[in-house]
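This report describes the fold and a few local contacts of one protein chain. The sequence and the structure come first, and the description follows.

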Amino acid sequence: LGVAEEVKLSLAAEPLIRPLCLLIKWFLRQHNLNVPFTGGFSSYTVYLLVRFYLQARKRITSGPYPTNKGDSLGAHFMGLLYFYGHGVFDREHALIQIEGEGRVAWKDESILHDPHQRDRLCLQDPLDAKNNVSRMSFADYQIFTLLGSTYDLLAQKVFPDYETWYA
């Protein structure tokens with residue numbers, strides 16, 4: 001399969017991918033973090049991160065994650081902000097793999113391991129295991145910090161007892 005076919009198949013299987021990708025892409029554009037050349041996330045990186053979040057949320061039993069397909073786009077957006085913005089996975093050591101049901105592996109055990117980019121996002125291309133899709137996204141720390149602070153800001157507005165709920 002090529003990238004276009006891969007994306008088309010997953011969009012048919014998981015209808016939330018398209019609106020979440022559009023929302024994240026719009027959000028990144030508002031903060032000038034949508035161009036890989038300047039360190040931002042490419043469209044394919046956004047697609048893979050959204051897809052991995054939707055795979056992972058099915059296995060997570062705690063935290064502010066929607067669990068039903070009928071949950072609103074806003075609930076899923078908040079879940080995605082929390083998932084990536086509050087470091088649910090160890091970005092320094094983790095390698096995100098999308099194939100199958102998605103999983104997190106250790107960078108040190110992967111051919112994608114680069115000791116010069118230890119603290120950077122590592123996102124394995126499901127179509128080419130030797131390709132780190134996010135290798136050019138050097139602003140990933142800034143993006144994940146922004147996702148976390150946006151989650152905190154929105155959660156304070158949505159949940160009046162945010163301080164006790166979040167603890």
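## Overall composition

Of the 167 residues in the protein chain, 46% count as buried, where buried means under 20% relative accessible area, exposed over 50% and partly exposed in between (1.4 Å probe, protein chains only). The model is predicted: local features need pLDDT of at least 70, side-chain atom pairs count only at pLDDT 80 or more, and totals for chains, interfaces and linings use all residues. Residues are numbered from 1 along each chain as its sequence is written, and side-chain values use heavy atoms, with hydrogens and water left out.

The protein chain has six helices and four strands; helices (H or I, at least four residues) and strands (E, at least two) are DSSP runs, numbered from the N terminus. In order from the N terminus, the elements are α-α-α-α-β-β-β-β-α-α. Taking contacts between residues at least 6 apart in sequence, 59% join residues at least 24 apart, a contact being heavy atoms within 4.5 Å.

## Helices α1 and α3

Helix α1 (residues 3–13) and helix α3 (residues 43–56) have axes that come within 12 Å and cross at roughly 35°. Axes are lines fitted to C-alpha atoms, for helices over the stretch in contact, and angles run from 0 to 180 degrees between N-to-C directions. The crossing of α1 and α3 is left-handed, that is, the near helix is turned anticlockwise from the far one by less than a right angle.

On the α1 side the contact is made by Val3, Glu6, Val7 and Ser10, and on the α3 side by Tyr44, Tyr47 and Arg51. These residues divide into four nonpolar, one polar and two charged. In this classification Ala, Val, Leu, Ile, Met, Phe, Trp, Tyr, Cys and Pro are nonpolar, Asp, Glu, Lys and Arg are charged, and the others, Gly among them, are polar.

Glu14 sits in the loop between α1 and α2 (17–30). Its relative accessible area is 8%, so Glu14 is buried. Not counting residues up to four places away in sequence, Glu14 touches Leu54, Arg57 and Lys58.

Asn32 belongs to the loop between α2 and α3. Asn32 is not a glycine, yet has a positive phi of about 55°. Asn32 counts as exposed because its relative accessibility is 62%.

Strand β3 (residues 123–125) and β4 run antiparallel and are joined by two bridges; strands pair if DSSP finds at least two bridges between them. Two residues separate β3 and β4 in the hairpin that they form. Asp125 has Asp128 as its bridge partner in β4.

Ser134 is in the loop between β4 (128–132) and α5 (140–158), and counts as buried because its relative accessibility is 0%. The side chains of Ser134 and Asn132 make a polar contact of 2.9 Å. A polar contact is a pair of N or O atoms within 3.5 Å; within protein, one must be able to donate a hydrogen and the other to accept it, and residues adjacent in sequence count only if both atoms are side-chain atoms. Leaving out residues up to four places away in sequence, Ser134 touches Thr45, Arg120, Leu121, Cys122 and Leu123.

## Ser42

Ser42, in the loop between α2 and α3, is 92 residues from Ser134 in sequence and 7.9 Å from Ser134 in space, C-alpha to C-alpha. The side chain of Ser42 makes a polar contact of 3.0 Å with the side chain of Thr45.
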